[in-house]
Amino acid sequence: MSETDKYDLTIYEGTAWYYSRYRPKYPPSLLRILRENFQLDGTGRLLDLGCGPGPVAIALAHLFDEVLAMDPDDAMRAEGERIARERGIGNIQWQFGGSKDLSRELGQFRLVTMGNSFHWMDRARTLDALYDLVTDGGGIAVVGEGAPIPPPPPTRWRAAINTVLKRYLPDRQISWEPPGPPPEERHEVYIARSRFKDLLSYSESFDVEWTVDSMIGNLYSMSFCSRRVLGDHVDAFERDVRAAILAAEPSGILLGEPPEFFAYMAWKR
């Protein structure tokens with residue numbers, strides 16, 4: 001999650017419940033790509049940095065002896081721990097912390113993953129610190145999902161949502177609306193400049209079918225559009241979003257916006 005000189009523990013306040021239920025689920029290729037490229041066989045340790053409610057840590061836990069899931073947001077870790085417990089997964093340790101807490105005291109790791117969290121970090125500094133924590137032959141994987149770059153034109157229902165967002169949150173940047181980071185600020189550039197070697201990229205689009213309710217839940221999982229940010233305007237916002245979506249798509253089934261799953265992998269040689 002977000003890291004400044006001190007942890008900003010409020011940016012995702014109140015979103016953990018929505019985050020675990022309404023963010024797009026990683027496609028099966030997440031497991032396949034990491035297992036095959038890092039030859040994961042149920043041994044060694046995984047560090048999932050910026051773990052949130054654990055979508056990566058939980059998916060990969062069976063491929064390691066032990067998983068350390070770190071995040072500075074207490075509610076996110078608690079949600080991840082609840083999900084892991086319900087699924088009978090007992091080899092994950094949930095720990096407060098982020099990229100500024102990386103030290104040799106954490107031990108050595110066969111793989112370090114960062115899922116939808118790397119952009120919040122001082123990326124150059126984080127990669128330098130991680131290099132010393134990864135075992136020889138191990139590596140890192142920055143994974144996530146988002147709009148392709150450049151993003152496609154918005155669907156009618158997404159354009160309708162954006163209109164409502166701009167009315168309620170005029171000073172907030174809508175995370176999917178800008179054209180994306182400039183080339184020199186993309187994740188793979190930072191990894192290529194680090195001590196990690198043999199950068200390998202993977203991407204694919206996958207389909208997501210939204211309903212009006214699941215889309216509203218997804219909006220509430222965002223740092224810029226959480227219920228805390230909306231405050232007393234939550235009820236009016238939800239009413240207006242619902243009306244705008246149904247005006248654009250009366251069926252209430254929202255298609256045509258396939259997110260892109262990406263993985264940037266590199267090794268300690």
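Tutor: Let's begin with a term: a residue is called buried when its relative accessible area is under 20%, exposed when it is over 50%, and partly exposed in between. One thing to keep in mind is that this model is predicted.

Student: How does W17 come out, buried or partly exposed?

Tutor: W17 has a relative accessibility of 42%, so it counts as partly exposed. Y18 is buried, because its relative accessible area is 16%.

Student: How do I read a pair of aromatic rings?

Tutor: Two things describe such a pair: how far apart the centres are, and the angle between the planes. There are 13 aromatic pairs in this structure. In one of them, W17 and Y18, the ring centres are 5.1 Å apart and the planes meet at 80°, so this pair is edge-to-face.

Student: And what kind of pair do F262 and Y264 make?

Tutor: Their centres are 5.5 Å apart with the planes at 35°, so that pair is tilted. F262 counts as buried, because its relative accessibility is 15%, and Y264 is buried too, with a relative accessible area of 9%.

Student: Which residues do ring pairs link into a cluster?

Tutor: The cluster is made of W17, Y18, Y22, Y168, Y220 and F237. Y220 also has R227 lying over its face, 5.2 Å from the ring centre. Another ring with a charge above it is Y131: the charged end of K268 sits 4.8 Å from the centre of that ring.

Student: Now for the interior. What should I expect of nonpolar side chains?

Tutor: In soluble globular proteins, they tend to be buried together. Here the largest nonpolar core has 56 residues, and the members touching the most others are I92, L165, C225 and F237. Helix α10 (residues 234–248) supplies the largest share of this core, with six residues. Apart from it there is another core, of 24 residues, including L68, L106, L127 and A266.

Student: Which residues is F237 in contact with, beyond its neighbours in sequence?

Tutor: Setting aside those within four places in sequence, F237 is in contact with V164, L165, Y168, L219, Y220, C225 and L230.

Student: How would I check the length of helix α6?

Tutor: Work from 1.5 Å a residue: the 13 residues of α6 (residues 156–168) should span 18 Å, and the end C-alpha atoms are 19 Å apart, which agrees. Within α6, the buried residues are W157, R158, A160, I161, N162, V164 and L165. Among the elements that cover them are β7 (210–211), α8 (212–220), α10 and β8 (253–254).

Student: Where is E66, and what does it touch?

Tutor: E66 is in strand β2 (residues 66–71). It counts as partly exposed, because its relative accessibility is 30%. Beyond its neighbours within four places in sequence, E66 is in contact with G44, R45, L46, N91 and Q93. With R45, the side chain of E66 makes a polar contact of 3.2 Å. L47 is 19 residues from E66 in sequence, and the C-alpha atoms of the two are 8.8 Å apart.

Notes:
Residues numbered from 1 in each chain as written. Predicted model: local features only at pLDDT ≥ 70, side-chain atom pairs only at ≥ 80, totals over all residues. Heavy atoms only, no water. Helix = DSSP H or I, 4+ residues; strand = E, 2+ residues; numbered from the N terminus. Buried < 20%, exposed > 50% of the residue type's maximum accessible area, 1.4 Å probe, protein only. Contact = heavy atoms within 4.5 Å. Polar contact = N/O pair within 3.5 Å; in protein donor to acceptor, adjacent residues only side chain to side chain. Core = buried A, V, L, I, M, F, W, Y, C linked by side-chain atoms within 4.5 Å. Phe/Tyr/Trp six-rings, centres within 6.5 Å; stacked < 30°, edge-to-face > 60°. Lys NZ or Arg CZ within 6 Å of the ring centre and 35° of its normal. Expected span 1.5 Å × (residues − 1).
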